[in-house]
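Here is a short briefing on one protein chain. Look over the sequence and the structure first, then read the notes by topic.

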Amino acid sequence: MSLLDLDQAARDELAQQVRGEYEALKARNLNLDLTRGKPSSEQLDFSNELLELPGRENYTDKSGTDVRNYGNLQGITDIREIWGELIGVNPENLYAGDSSSLNIMFDLISWSYTFGNNDSERPWREEETVKWICPVPGYDRHFAITEKFGFDMVNVPMLEDGPDADAIAELAKDPAVKGVWVVPMYSNPTGATVSEEVARKLATMETAAPDFRIVWDNAYAVHTFKDEFPPIIDVLSIAEEAGNPNRFWVMSSTSKITHAGAGVAFFASSTENLDWYASIAGIRGIGPNKVNQLAHAKFFGDADGVRNVMRKHAQSLAPKFEAVLETLRNRLGEYNVARWTEPEGGYFISLDVVDGTATRVWELAKEAGITLTKAGSAFPHGKDDNDRHIRLAPSLPPLDEVRTAMDGVATCVLLAALEKLER
């Protein structure tokens with residue numbers, strides 16, 4: 001039953017009921033947060049053993065090198081072998097860095113802008129225009145990087161099997177288009193996973209710019225809610241076979257596996273891309289925190305050790321996501337005022353409300369003590385032309401707070417929809 005199908009008397013009765021629920025919600029003086037996808041304290045506790053590793057007398061990697069000293073820009077073999085198996089790349093084509101893959105992504109864009117990358121005819125700053133493709137809804141911090149450099153950001157839809165590859169291929173015929181952001185597994189914020197068909201289209205398509213790059217940010221490669229882990233698509237090999245070996249910059253990290261801000265980030269790509277990266281990174285710094293890399297390698301042991309940790313995360317996260325989905329189904333399903341994704345992993349749920357009401361939902365929630373990510377944040381410049389999208393992040397609060405917050409959010413969605421109908 002759609003809200004539009006209610007006769008005026010039934011709609012007035014519902015509006016009175018929802019307004020009463022909203023006033024009661026405000027009276028509770030809540031202080032709840034569903035904004036950023038942060039791990040909960042319980043999740044952080046899963047890796048507390050790291051705080052005692054690698055240990056006072058344990059400071060050499062498997063090659064016998066003292067990790068306390070300078071050097072080894074590529075990172076230690078111990079952790080690169082583990083991560084290479086996890087994300088399906090040759091460890092020789094994988095760099096292990098410090099804690100943030102976002103920092104590496106910023107560097108790649110910044111250095112291409114300042115110096116040009118290894119396929120550039122000139123630095124991007126010397127181009128008349130630089131355009132970047134942004135699948136939407138998408139990751140706001142990705143968009144913030146390309147916005148910072150003044151790129152023209154072009155939206156394409158994020159579909160159930162990944163970004164609209166046909167639209168990307170068409171846009172890439174323009175030499176001003178230099179790249180695209182992609183979160184290939186359990187994407188932020190829809191939870192969609194890129195299919196092999198879409199990945200192959202992206203790897204093999206023609207591009208007018210020889211230095212076109214796909215930032216393949218595999219931040220959630222092992223973040224499933226189930227016991228089994230989905231297969232990884234080897235985009236580096238597919239691109240190389242297609243004659244485009246330098247197309248992908250592949251990212252990963254331990255940030256939502258161990259301790260956020262104190263983990264290890266990874267960058268995988270072609271040998272030529274890595275050589276270009278190292279030629280600048282080696283001037284910026286002498287090497288990463290190898291003590292922390294060794295601690296992580298000791299903590300995990302092997303790739304299965306990572307998967308075992310992620311099964312603990314799944315047990316913590318899955319009930320919270322199910323609580324969100326259960327509330328949305330029970331409170332909103334019958335009124336046809338919202339649609340939402342039902343991800344099988346990752347950290348977010350996308351909620352689409354009645355067009356023109358997302359900002360109002362955010363305002364109502366804020367007044368009731370429930371903090372949501374601002375409407376439109378999953379779009380470049382924070383602008384959702386339809387004003388319909390809200391990103392939900394239920395990982396941080398305890399389960400009972402997630403239920404309370406989502407019941408309040410549902411009330412706000414209904415109230416905003418009813419207000420629009422009354423205008």
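Arg 122 is partly exposed, with a relative accessible area of 32%. Here buried means under 20% relative accessible area, exposed means over 50%, and partly exposed lies in between (1.4 Å probe, protein chains only). This is a predicted model: local features need pLDDT of at least 70, side-chain atom pairs count only at pLDDT 80 or more, and totals for chains, interfaces and linings use all residues. Residues are numbered from 1 along each chain as its sequence is written, and side-chain values use heavy atoms, with hydrogens and water left out.

**Salt bridges**

- Arg 122 and Glu 127 form a salt bridge, 3.2 Å from N to O. The term means a side-chain nitrogen of Lys or Arg within 4 Å of a carboxyl oxygen of Asp or Glu.
- The whole structure holds 30 salt bridges.
- Asp 119 pairs with Arg 213, and their closest N and O atoms are 2.8 Å apart. This pair links distant parts of the chain, 94 residues apart: Asp 119 is in the loop between H4 and E3, and Arg 213 is in strand E7 (residues 213-217). Helices (H or I, at least four residues) and strands (E, at least two) are DSSP runs, numbered from the N terminus.
- Asp 119 is partly exposed at 22% relative accessibility. Arg 213 is buried at 1%.
- Glu 197 and Lys 201 form a salt bridge at 4.0 Å, N to O. They sit four residues apart in helix H7 (residues 196-204), so about one helical turn separates them.
- Glu 197 is exposed at 53%, while Lys 201 is partly exposed at 33%.
- Salt bridges with shared partners join Glu 121, Arg 122, Glu 127, Lys 178 and Asp 211 into one network.

**The loop at Glu 126**

- Glu 126 lies in the loop between helix H4 (101-115) and strand E3 (131-136).
- Glu 126 is partly exposed, at 47% relative accessibility.

**Helix H3**

- Eight of the 11 residues of H3 (residues 77-87) are buried, so the rest of the structure largely encloses this helix.
- Among the buried residues are Asp 78, Arg 80 and Trp 83.
- The buried residues of H3 pack against strands E2 (94-96), E8 (248-253) and E9 (265-268), and against helices H10 (290-300) and H11. Contact means heavy atoms within 4.5 Å.

- The chain is assigned domain 1 (8-43 + 308-422) and domain 2 (73-301). Such bounds come from an automatic or database domain assignment.
- The domain centres, taken over C-alpha atoms, are 30 Å apart. Domain 1 gives 27 residues to the contact and domain 2 gives 28.
- The two domains bury about 2,600 Å² between them, 62% of it on carbon and sulfur atoms. Buried area is the accessible area (1.4 Å probe) that two parts lose on being put together, summed over both.
- In domain 1, Met 310, Glu 344 and Pro 380 lose the most area to domain 2, together 23% of what that side buries.
- Three salt bridges cross the interface of domain 1 and domain 2.
- Asp 140 also forms a salt bridge with Arg 391, with the closest N and O atoms 3.6 Å apart.
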